[in-house]
Amino acid sequence: MKRTSIYIWNIIGILFTITAGSLLHFINQWFPSPFCSIIGAVNESTWEHLKLIFMPMLVFGMLEYLFYGKHICGFFSIKVCSILLGMITTVTLFYTYTGVLGFHIFELDLAVFVLSILFAYWFACRKLTQHLPTTGEFSFAYRKPDGFFCHPAGIVLTSVILILLLFAFVIFTFQAPDIGLFIAPASD
């Protein structure tokens, strides 16, 4: 696998996540069911919009793993961290701009969505290509990167985070706490 191939996979991932996330925004309206409620937005809250990044990136990450990720040390941890980074970026940018303006604007909400996805995939692409040998092919025989992403503790930690997020999306879809993150912003 060459760096260029990883770049292409990440560009496809960006397009997939933007498209699938946009469709997931409406899936619960089109096909009302508990399953669609879990994977798509059930209201306009920030929490529900995090699903629009989480679910497509998770699905695309599984596809990437099947095609090339199983050969990269730390792939799973890198993908989980990139999903988290996209979600954190969404929350940070949304609450920053709405805090400054005092209201939200649909076009800026879309920009936050796209920027968060771009940032998440940039991080993943950077980390996935960082330790590839210069020959263009990779194998653990060439070089095994050290650090958090390949360390067993890092893999366990990111696995726990992924499982907790999955449970949180299921539980909070049906029993959302009464705090700002789970409440839809006021309409203009």
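Where is N43 found? N43 sits in the loop between α2 (34-39) and α3. The model is a predicted one, in which local features need pLDDT of at least 70, side-chain atom pairs count only at pLDDT 80 or more, and totals for chains, interfaces and linings use all residues. Residues are numbered from 1 along each chain as its sequence is written, and side-chain values use heavy atoms, with hydrogens and water left out.

The protein chain holds six helices and zero strands. Helices (H or I, at least four residues) and strands (E, at least two) are DSSP runs, numbered from the N terminus. Along the sequence the pattern is α-α-α-α-α-α. The protein chain has 188 residues, of which 43% count as buried. Buried means under 20% relative accessible area, exposed over 50%, and partly exposed in between (1.4 Å probe, protein chains only).

N43 counts as partly exposed, because its relative accessibility is 32%. In sequence, N43 and A184 are 141 residues apart. In space, their C-alpha atoms are 6.6 Å apart. L52 is found in helix α3. This residue, L52, counts as buried, at 3% relative accessibility. L52 and M87 are 35 residues apart along the chain, with 9.4 Å between their C-alpha atoms.

Pockets were examined next. Rolling a probe the size of a water molecule over the atoms shows where empty space is left. A pocket is defined on a 1 Å grid over the protein atoms alone, with a 1.4 Å probe, as an open set of points with protein on both sides within 12 Å along at least five of seven lines; lining residues have an atom within 4 Å of a point. Grid points are joined across faces, edges and corners, and a volume is the space filled by probe spheres set on the points. The largest pocket has a volume of about 520 Å³. It is lined by 19 residues, and H25, E44, H49, F106 and D109 are the closest to its centre. Two or more lining residues come from each of α1 (3-30), α3 (46-67), α4 (75-101) and α5 (106-130). Helix α5 gives the largest share of this lining, five residues. By type, the lining of the largest pocket divides into nine nonpolar, eight polar and two charged residues. Here Ala, Val, Leu, Ile, Met, Phe, Trp, Tyr, Cys and Pro count as nonpolar, Asp, Glu, Lys and Arg as charged, and the others, Gly among them, as polar.

Side chains of opposite charge can pair when their charged atoms come close. The structure holds two salt bridges, each a side-chain nitrogen of Lys or Arg within 4 Å of a carboxyl oxygen of Asp or Glu. One joins the side chains of K51 and E48 (2.7 Å, N to O). K51 and E48 both lie in helix α3, three residues apart, about one turn of the helix. Both are buried. The other salt bridge links E64 and K79, with the closest N and O atoms 2.7 Å apart. E64 lies in helix α3 and K79 in helix α4, so this pair ties together parts that are 15 residues apart in sequence. E64 and K79 are buried.

A nonpolar patch on the surface is formed by V59, L63, Y65, L66 and F67, with about 490 Å² of accessible area together. Patches are made of residues with over 30% relative accessible area and no salt bridge; like charges are joined within 9 Å, and nonpolar side chains (Val, Leu, Ile, Met, Phe, Trp, Tyr) within 5 Å. Accessible areas come from the Shrake-Rupley method with a 1.4 Å probe; for residues, only the protein chains shown count as cover. L66 lies in helix α3. L66 is exposed, with a relative accessible area of 53%.
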